[in-house]
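Please find my notes on this structure below, as numbered points. They begin with a single residue and move on to the chain as a whole.

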Amino acid sequence: MGKKKNLLQSILSAAILLAAMIVLFYWYTAQNKARITEQNRNYAEDAALQTAQRIDDEFKSGLDLINTYAHFIGVSLSEPRIDTDDLKAIENNSVFDAIRYTDMEGRTYSSDGRSVDATGIIISSV
């Protein structure tokens, strides 16, 4: 009877130990999942912030180029007119795909010879 009691006690101890290990394993898995979720959220937030910063830098660089082009064109003009050949030359030597010029009367010109009356166009900054 003593051996049977010891065997039953050993089996019960092993079952309790196994149950404790299973509970601890599930607790550890839940904690690890929460940590990984938070880590992924932080990663996504950092990646979005870096992407937004790169886009902002590109826009600032483009604005700087536009200001530089506008300054040099304004300084080099002998009269307030630019013809299509001038616009084509500027496009060929710039990083932009297209250059438009608006004269003092509000007429906008492109390098392909098209022109548009831009006096009614309102451009607002955000």
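1. Tyr26 is exposed in this predicted model, its relative accessible area being 58%. The classes used here are buried for under 20% relative accessible area, exposed for over 50%, and partly exposed in between, with a 1.4 Å probe and protein chains only. Phe25 also counts as exposed, at 51% relative accessibility.

2. One aromatic pair turns up in a search of the whole structure. Its members are Phe25 and Tyr26, in an edge-to-face arrangement with 5.9 Å from centre to centre and 70 degrees between the planes. Rings of Phe, Tyr and Trp (its six-membered ring) pair if their centres lie within 6.5 Å; planes under 30 degrees apart are stacked, over 60 edge-to-face, and the rest tilted.

3. On conventions: residues are numbered from 1 along each chain as its sequence is written, and side-chain values use heavy atoms, without hydrogens and water. Because the model is predicted, local features need pLDDT of at least 70 and side-chain atom pairs count only at pLDDT 80 or more, while totals for chains, interfaces and linings use all residues.

4. The protein chain has two helices and three strands, in the order α-α-β-β-β along the sequence. These elements are DSSP runs numbered from the N terminus: helices are H or I with at least four residues, strands are E with at least two.

5. Why is the protein chain described as more spread out than a compact globule? Its radius of gyration is 36 Å, well over the 14 Å that the globule rule gives for 126 residues. The radius is taken over C-alpha atoms, and the rule is 2.2 Å times the number of residues to the power 0.38. Along its principal axes, the C-alpha trace spans about 115 × 30 × 20 Å.

6. Of the 126 residues, 11% count as buried. For contacts (heavy atoms within 4.5 Å) between residues at least 6 apart in sequence, 25% join residues at least 24 apart.

7. Arg35 lies in helix H1, residues 2-76, and is partly exposed at 48% relative accessibility.

8. Helix H2, residues 84-92, contains Ala89, which is partly exposed with a relative accessible area of 37%. Ala89 and Ile99 are ten residues apart along the chain, and their C-alpha atoms are separated by 9.8 Å.

9. Where is Asp112 placed? Asp112 sits in the loop between strand S2 (107-110) and strand S3 (115-117). Asp112 is exposed, with a relative accessible area of 51%.
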